[in-house]
Amino acid sequence: MEARLTDQRDDERTGPTVTIAATPVQISASSARPTLGLRVGDIVRVRSEREILATLDARGELDALPFMPEMLRFCGKELTVDKVAHKLCDTMTRSGMRRMHDAVHLTGARCDGEAHGGCQTACLLYWKEAWLERPGDAPPGETLLSDTDSPGVTVAGLRARTRRRSEPGDEELYSCQATELLSAAPELLPFRDLSQYGRDLRSGNVGVAAVVRAILVGLFDRLQAISTRVLPRRFRFREGLRWGFIKGSLTRTPTGYTDLQPGELVRIRSKREIMSTLDRNLRNRGLGFEAEMARWCGTEARVLRRVDRCIDESTGRLLQMKNPCIVLEDVVCHGAYSANCPRSICAFWREIWLERVAPG
């Protein structure tokens, strides 16, 4: 999927304007709101529908982050903080890491795509701290709003905002948290900003070993990038490849169909076997294979579901896959080679990359 920058929009949010990569971005003064100071493992309760709607603007957003209809089913429930979402990797424009403010991921709270054409990507949802409360702060069901407070948007408005179409007859495009991440996190977070690694530790996102690994891998990849620019090919270490050393060479990639079904046990093929199916862009039939996925090679997992449709986060198009992908149980990106990005994106696998494990 090709990536592109999201379109600029007129913005009603208030706050100072900053320029990032020559693009003016409006940042709201979220620091004026009280924060919960959440860490991994903390128990929180999702606020009531009415309380959350009151935090949103007319677009159904808070700090440019949409609150989606799929999130309403969690209102009133107590959940555990899975990761503190203080940063994220940019999978659209590949600009690197970006800074996010006052947001967390909650365990088990993934998007089911119900309001987005049945998208099966199952993204881990972003929750602003303003949408959460600690269970001891107020009795369940007790609202902090007065009778005169009114929502900034209705539930019907949230559903209407999931789709956008310029003119009648135009292709229907979708809008969700994934498509709007560049707006919600406009500030680039340089690799050299050491504060992010301290935040990783303080929040409980990762331990010391993971932080050291992230720094070393980041340094290695930057040295490799320099070597590809200044050194002749024969002097480059491992051909100048990034850590993980994934390489493809095909011009036309093979396909495989084994009709894997949910619950079946499979073994992920070796890195060498998978690389033999990739083109020079590390893709098989348009689906990319990355170093983070190679960490799972040789392991066994159960098929969670078959995926035949997903939203292209760069364009908002709902893609219908000619070659369905496989999602495996508990096989997600841990950000080990991506500065410990906490997004926990579900990996998509081609069937040709997997082999059935015989019963017994």
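This is a predicted model: local features need pLDDT of at least 70, side-chain atom pairs count only at pLDDT 80 or more; totals for chains, interfaces and linings use all residues.
1. As to overall composition, the chain has 7 helices and 20 strands. It comprises 360 residues, of which 45% count as buried.

2. Two packed helices are described by the angle between their axes and the distance between the axes. For helix α4 (residues 195–203) and helix α5 (residues 208–230), the axes come within 10 Å and cross at roughly 160°. Because angles over 145 degrees count as roughly antiparallel, α4 is roughly antiparallel to α5. The crossing of these two helices is right-handed.

3. The contact between the two helices involves Y197, D200 and L201 on the α4 side, and V208, V211 and I215 on the α5 side. By residue class, the contact of α4 with α5 consists of 5 nonpolar residues and 1 charged residue, with no polar residue.

4. Helix α5 also contains Q224. This residue counts as buried because its relative accessibility is 5%, the cut-off being under 20%. Beyond its neighbours within four places in sequence, Q224 is in contact with F237, G240 and L241. For G240, which lies 16 residues from Q224 along the chain, the C-alpha separation from Q224 is 4.9 Å.

How values were computed
Residues are numbered from 1 along each chain as its sequence is written. Side-chain values use heavy atoms; hydrogens and water are left out. Axes are lines fitted to C-alpha atoms, for helices over the stretch in contact, and angles run from 0 to 180 degrees between N-to-C directions. Helices (H or I, at least four residues) and strands (E, at least two) are DSSP runs, numbered from the N terminus. Angles under 35 degrees count as roughly parallel, over 145 as roughly antiparallel, 65 to 115 as roughly perpendicular and the rest as oblique. A crossing is left-handed if the near helix is turned anticlockwise from the far one by less than a right angle, and right-handed if clockwise. Contact means heavy atoms within 4.5 Å. Ala, Val, Leu, Ile, Met, Phe, Trp, Tyr, Cys and Pro count as nonpolar, Asp, Glu, Lys and Arg as charged, and the others, Gly among them, as polar. Buried means under 20% relative accessible area, exposed over 50%, partly exposed in between (1.4 Å probe, protein chains only).
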